[in-house]
Amino acid sequence: MAEAPKPNSASKNDQSLTLEKVRQALISQEDTIVFRLIERAAFPLNSPTYHHKISSSPSVFNFIVKSTEALQSQAGRYEIPEELPFFPENLPPSLLPPPADPPVLHPAAASINLNKKILDIYLKQLLPLFAVPGDDGNYAATASSDLDCLQAISRRIHYGYYVAEVKFRDAPQDYEPAIRAQDREGLMKLLTFTNVEEQVKKRVEKKAVIFGQEVSLDNNTNSVKQNGTVNGKYKVDPSLVSRLYGEWVMPLTKDVQVEYLLRRLD
Ligand SMILES: O=C(O)C(=O)C[C@]1(C(=O)O)C=C[C@@H](O)C=C1
């Protein structure tokens, strides 16, 4: 029986890997990222989350993330190539049998992990932009919401493995010379589509407008005007979501692609 399509992931079936499907998966992941940012923005910054010691951990954030990752590792989360832990040290192994499907990616993917950088950017640059100052005491829920955001963003960025793989398979003659020359700049140029990036930024901004509206029963709810400008107050600032993609998510996805391609012929 044919498998139902999985729009959030194009990785399951080797034969079905096309650039269109991979891009479709990235579009679907945008929804997850925007919703999770909206959830996080419902809490204030709650800065004690990041420095209140708990048990042997330096913070509630650290405690929640490490404990959740240990549990999810046992349930097989990190057997999926694009799912990467933020604290990989001493994780318990998966209790599930290894995946039966043949691997889609070159083994080099396993050596590319930008999570340290993603975590640093998230905590130092993103959070202060998305979360309003304040402290409501909900530290565990805040940390858990942070992990939801981080996992969705990290997964999207490491999905660059599949984008790179499909681009390589579609045009090995274009990519091989740059790979052999280990030409990062050349590879970056080959895999960049400025028009697609502009569409992504516009679409995520629009999603933040649509998903982040206050819904009320009167007629004065926020609206997208016909000229594309927006009206009203949103749960997460739509221009920030566009900026998140333009300054961090897409550049890091491209870094993953370059790193993967550099090793693709090993
Ligand atoms: O769609 C692609 O071709 C991608 O490589 C993905 C992506 C992105 O991160 O959204 C990255 C680089 C391209 O310039 C356009 C978009």
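# A walk through the predicted model

Leu127 is buried, because 20 other C-beta atoms lie within 10 Å of its own; a residue is called buried when 20 or more other C-beta atoms lie within 10 Å, exposed when 12 or fewer do, and partly exposed in between, with C-beta atoms placed from the backbone. This is a predicted model, in which local features need pLDDT of at least 70 and side-chain atom pairs count only at pLDDT 80 or more, while totals for chains, interfaces and linings use all residues. Residues are numbered from 1 along each chain as its sequence is written.

Leu127 sits in helix 3. Helices (H or I, at least four residues) and strands (E, at least two) are DSSP runs, numbered from the N terminus. Leaving aside neighbours within four places in sequence, Leu127 is in contact with Leu45 and Tyr122; two residues are in contact if their C-beta atoms, placed from the backbone, lie within 7 Å. The C-alpha atoms of Leu127 and Arg40 are separated by 9.0 Å, although these residues are 87 residues apart along the chain.

The protein chain as a whole has nine helices and two strands. Along the sequence they follow the pattern α-α-α-α-α-α-α-α-β-β-α. Of the 266 residues in the protein chain, 30% are buried. Among contacts in the protein chain with a separation of 6 or more, 73% join residues 24 or more positions apart.

Helix 5 covers residues 160-170, and eight of its eleven residues are buried. The buried residues of helix 5 are Gly160, Tyr161, Tyr162, Val163, Ala164, Glu165, Lys167 and Phe168. What covers them includes helix 1 (19-41), helix 4 (139-158), helix 6 (172-180), helix 7 (184-191) and helix 9 (238-262).

Two of those covering elements, helix 4 and helix 9, also pack against each other at an angle of about 45°, with their axes 8 Å apart. Axes are lines fitted to C-alpha atoms, for helices over the stretch in contact, and angles run from 0 to 180 degrees between N-to-C directions. The angle makes helix 4 oblique to helix 9, since angles under 35 degrees count as roughly parallel, over 145 as roughly antiparallel, 65 to 115 as roughly perpendicular and the rest as oblique. Helix 4 contributes Ile153, Arg156, Ile157 and His158 to the contact, and helix 9 contributes Val249, Leu252, Thr253 and Val256. By class, this contact has five nonpolar, two polar and one charged residues. Here Ala, Val, Leu, Ile, Met, Phe, Trp, Tyr, Cys and Pro count as nonpolar, Asp, Glu, Lys and Arg as charged, and the others, Gly among them, as polar.

Which residues surround the ligand? They are Arg23, Leu26, Val163, Leu191, Thr192, Phe193, Val196, Glu197, Val200, Met250, Thr253 and Lys254, where a residue counts as near a molecule if its C-beta atom, placed from the backbone, lies within 6 Å of it. Helix 1, helix 8 (194-211) and helix 9 each give two or more residues to this shell. The shell has seven nonpolar, two polar and three charged residues. Val163 of the shell is also one of the buried residues of helix 5, and Thr253 of the shell also takes part in the contact of helix 9 with helix 4.

In helix 8, the buried residues include Val200, Val204, Glu205, Ala208 and Val209. The 18 residues of helix 8 should span 26 Å at 1.5 Å a residue, and its end C-alpha atoms are 26 Å apart, which agrees. The expected span is 1.5 Å times one less than the number of residues.

The loops remain. Most residues other than glycine have a negative phi. Asn90, in the loop between helix 2 (60-74) and helix 3 (115-130), has a positive phi of about 60° although it is not a glycine. Asn90 is exposed, because 7 other C-beta atoms lie within 10 Å. Ile80 lies in the loop between helix 2 and helix 3 and counts as partly exposed, with 13 C-beta neighbours inside 10 Å. Ile80 and Arg155 are 75 residues apart in sequence and 10.0 Å apart in space, C-alpha to C-alpha.

The loop between helix 6 and helix 7 holds Gln182, with a positive phi of about 50° although it is not a glycine. Gln182 is exposed, with 11 other C-beta atoms within 10 Å. Asp183 lies in the loop between helix 6 and helix 7 and is partly exposed, with 16 other C-beta atoms within 10 Å. The C-alpha atoms of Asp183 and Leu262 are separated by 7.9 Å, and these residues are 79 residues apart along the chain.
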